[in-house]
2 protein chains.
Amino acid sequence: MHVLERPYLVFVGDEQDPVAAKTGIGVAHWVREDCVGQWRLTNEAVDLGLPDLSPGDAMEAGARSLLIGVSPFGGALPPHWVASIIAALEAGLNIVSGLHTRLSSIPEIAEASRRTGRQLSDVRHADRTFPVGTGKKRSGRRLLTVGTDCALGKKFTALAITRALKARGVDATFRATGQTGIMIAGSGIAIDAVVADFIAGAAETLSPDAAPDHWDVIEGQGSLFHPAYAGVSLGLLHGSQPDALILCHDPLRAYVTNFAHVPIVPLTRAIELTLTHAHLTNPAAKFVGIALNTAPLGEADALKIADTLSFELGLPCFDPIRFGLQAVVEAILC
Amino acid sequence: MHVLERPYLVFVGDEQDPVAAKTGIGVAHWVREDCVGQWRLTNEAVDLGLPDLSPGDAMEAGARSLLIGVSPFGGALPPHWVASIIAALEAGLNIVSGLHTRLSSIPEIAEASRRTGRQLSDVRHADRTFPVGTGKKRSGRRLLTVGTDCALGKKFTALAITRALKARGVDATFRATGQTGIMIAGSGIAIDAVVADFIAGAAETLSPDAAPDHWDVIEGQGSLFHPAYAGVSLGLLHGSQPDALILCHDPLRAYVTNFAHVPIVPLTRAIELTLTHAHLTNPAAKFVGIALNTAPLGEADALKIADTLSFELGLPCFDPIRFGLQAVVEAILC
């Protein structure tokens, strides 16, 4: 793992889509104390609620790294951001990136890094290989967040549950599987960058044997019902061997993001199929809750949907940002 | 893709397990005309039915490459084979390998390659990147072989069906997804070596738009019910968008190979779950047959099992090595 230099200046570029800016939003939400500001190239770009600073101003405010807070579809670096990254290096900042494109693969950025002596950290690219999965049960307890789509709260839910478990005195560890989670946690495995044969093996490595009452709370990735990423989700499910599962869902989303021809799967179907696959490596796996992303809804509507789904599915149903986590924590610990 | 120099001397080493020697067995079966002999380090090693030759004898018989015909569990190169590979380079042979370990990553082999001017071809490692899957329907027709485990005939079945379709005058192409298939076909994508995020995208790339009556016959990998490799199988299924599926099965296998604690899934369950996932990217996907691996059984027993399963499942049930493919070809084309 790379050691990341903090605090961050969070780069938003000209990105106007909050879904694409989920890295920056997540870092600003969970480790705001490590973010001195945001750098936006236009006023229309997503606002993370941090002070707008240039790289030079951020250096003066104590920043050590420019953190690329945007994950465009496909994970490649938009060519028109190269000049901004070089300017940040020249201002004295290191660069932290979670994109598929390695910063060092872009000659101008690699050259500017050498010239300035500043570090390039590609947290999406693990610097090690992993063994083949064994399917063997490990000690300790595990929770995995899964979803009906990408980008609807699997990381937020895992972080909120880790906090809630710790507040109850439970020994719990957040296990990061994506770039933002790794930036927040300071360690983890970018599971979607692992060679396909070793997805389950990498997931086994991420949550090793632990004390019987310890909980690993594992950040889910993608969706079993996603036409591009389902393989990642299935390997992560098998390797994580979760005892407890939480299904993350956006009740207003009718189609998979960026796949307008692929409808979102009904929750009963998602639960049934996920359990079928989960039982291959942990026959005791069960769902303990439904995490709803209700941000665009009014309080009354959000509660109504949560109550309806809770009754239908027989599970605690909550928005981890908005409602309390008491019921789901009870379900996890019972 | 690497251009492979033929004919081959097939290296079996000291491997005694026919499952681990499936690469050599497959190449000897499908392109025997390209194999001048086999090189076994002990008499107990698997016999491919080729003449036993040393690298020097094979060179005199016209061989151009040593093909590593064994895939040990996990895909790494056993250290005690290094001297044999160097001896083959010194005899004048190129090396073709489908192992996870890159030949060029072993300093002694890399040095011997430079010294002798012979080529190292790691066919498992694709030399290109792939786009994210789109889930969009492509023109032309596709068949994918899937399985209840690894190493039970998915490649053999796809090759046999390609031959049978061609014999019927159908325009068909075998699409290789593993090292042996690539060695046989001369091109393809090692799907389990692709970065996890791009499994479905690589599968989409492998079988591009084609004429409406053209069939791509795609080699399956792993199993949706395998604790280590299911992610690969699911991504390949989504990206292949098969119209027709064939389920490959070994009726004598009770547990997943190398996973003695994981029972083989019942065929009805495998069919139901595979179709559920297949319908995400092709709602018209259907099973057209069951391919049995009946090698250890007598003719009468093999026929009895095939008849029983055919009646139970309502599908043509055949051993692609042993029985005719007429019924399954009818089911594909109807």
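How many aromatic pairs does the structure hold over all chains? The structure, which is a predicted model, holds six. This tour comes to one of them after a look at the whole.

**Both chains**

Start with chains A and B shown together. Chain B is superposed on chain A by a rotation of 180° with 0.0 Å of shift along the axis, and the RMSD is 0.0 Å. The two copies are thus related as by a two-fold rotation axis. The same surface serves both copies, since 100% of the contact residues of chain B recur in chain A. To find the axis, select Gly231(B): among the residues of chain B, its C-alpha comes closest to the rotation axis, at 1.9 Å.

**The five-stranded sheet of chain A**

Next, select the strands β1 to β5 of chain A. They form an open sheet of five strands in the order β2-β1-β3-β4-β5, with parallel pairing. At the edges are β2 (35-40) and β5 (120-122) of chain A, each of which pairs on one side only. From one strand to the next, the twist averages 20°.

Which residue of β3(A) stands opposite Leu9(A)? It is Leu66(A).

**Before strand β1**

Move to Pro7(A), in the segment before β1 of chain A. The peptide bond from Arg6(A) to Pro7(A) is cis, with omega near 0°. In chain B, the bond from Arg6(B) to Pro7(B) is also cis, with omega near 0°. Most peptide bonds are trans.

**An aromatic pair in chain B**

Select Phe11(B) and Trp39(B). These two residues form an edge-to-face aromatic pair, 5.3 Å centre to centre and with 65° between the planes. The pair links distant parts of the chain: Phe11(B) is in strand β1 (residues 8-13) of chain B and Trp39(B) in strand β2 (residues 35-40) of chain B, 28 residues apart.

**The six-stranded sheet of chain B**

Stay in chain B and select the strands of its open six-stranded sheet, whose order is β7-β8-β6-β9-β12-β13, with parallel pairing. The edge strands β7 (172-175) and β13 (317-318) of chain B each have a single partner strand, so one side of each is left without a neighbour in the sheet.

Strands β6 (residues 141-147) and β8 (residues 215-218) of chain B pair in the parallel sense over four bridges. Leu144(B) has Ile218(B) as its bridge partner in β8(B).

Helix α11 (residues 326-333) of chain B touches β6, β8, β9, β12 and β13 of chain B, and its direction makes about 165° with that of β12(B).

**Two helices in chain A**

Return to chain A and select residues 154-167 and 326-333, helices α5 and α11. They pack at an angle of about 75°, with their axes 10 Å apart. That makes α5(A) roughly perpendicular to α11(A). The contact is made by Ile161(A), Ala164(A) and Leu165(A) of α5(A) with Val328(A), Val329(A), Ile332(A) and Leu333(A) of α11(A). The contact residues divide into seven nonpolar, no polar and no charged.

Last, select Ala151(A), in the loop between β6 (141-147) and α5 of chain A. Phi of Ala151(A) is near 50°, a positive value in a residue other than glycine. Most residues other than glycine have a negative phi.

Conventions: Residues numbered from 1 in each chain as written. Chains lettered and ligands numbered in written order. Predicted model: local features only at pLDDT ≥ 70, side-chain atom pairs only at ≥ 80, totals over all residues. Heavy atoms only, no water. Least-squares fit on C-alpha atoms with pLDDT ≥ 70 in both. Contact = heavy atoms within 4.5 Å. Pairing = 2+ DSSP bridges. Axes fitted to C-alpha atoms, helices over the stretch in contact; angles between N-to-C directions. Parallel < 35°, antiparallel > 145°, perpendicular 65-115°, else oblique. Nonpolar A, V, L, I, M, F, W, Y, C, P; charged D, E, K, R; others polar. Phe/Tyr/Trp six-rings, centres within 6.5 Å; stacked < 30°, edge-to-face > 60°.
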